[in-house]
Amino acid sequence: MRIIGLDIGEKRIGVAKVDSNTRIAVPLGFILADGSEWLKIGQILSENGSNWLVLGLPRNNSGVETKQSEYVKGVAAILAEKLPGVKIDFQDESLTSVEAEERLKQRKKNYEKGEIDAESAAIILQDFVEKV
């Protein structure tokens, strides 16, 4: 079983995947939040033989959901409507962008913001898999 992880942002959506056999999440890249993201996410699910999404859920330093958390939940509702039968779970994404950027700095000098989003999606997904 494959699971697709998403780091939802208002401009970009980081994407990662994990196979339940290997249990190692890997970044797939990012897509632009330009109105066609629902189609692209559907294609990613289809290409990977998956119907399961894990979305990063932002929280503040006190662990309380934020305005961005509500945005992510709104995106989840739209995904559920546009992609019938998809299973959606949430995973706390606290500090994943910071960790993602540190990982990228260790691997390469130049990287794009979208790569941070993809790496964040992989961290979110890995955290989820380790809890399941």
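Start with the middle of the fold: the largest nonpolar core has 19 residues, and L6, I41, L53, L55 and L79 touch the most other members. The elements that each give two or more residues to this core are β1 (2–8), β2 (12–19), α1 (37–47), β4 (52–57) and α2 (67–82). Apart from it there's another core, of twelve residues, including I3, V18, V54 and F128.

Some ground rules: this is a predicted model, where local features need pLDDT of at least 70, side-chain atom pairs count only at pLDDT 80 or more, and totals for chains, interfaces and linings use all residues. Residues are numbered from 1 along each chain as its sequence is written, and side-chain values use heavy atoms, leaving out hydrogens and water.

A nonpolar core here is a set of buried Ala, Val, Leu, Ile, Met, Phe, Trp, Tyr and Cys residues joined through side-chain atoms within 4.5 Å. Helices (H or I, at least four residues) and strands (E, at least two) are DSSP runs, numbered from the N terminus.

Take L55: setting aside neighbours within four places in sequence, L55 is in contact (heavy atoms within 4.5 Å) with L6, I8, V72, A76, L79, I88, D89, F90, Q91 and I124.

Two residues are partly exposed, i.e. between buried (under 20% relative accessible area) and exposed (over 50%), using a 1.4 Å probe and protein chains only:

| Residue | Location | Relative accessible area |
|---|---|---|
| A80 | helix α2 | 42% |
| R23 | loop between β2 and β3 (26–32) | 36% |
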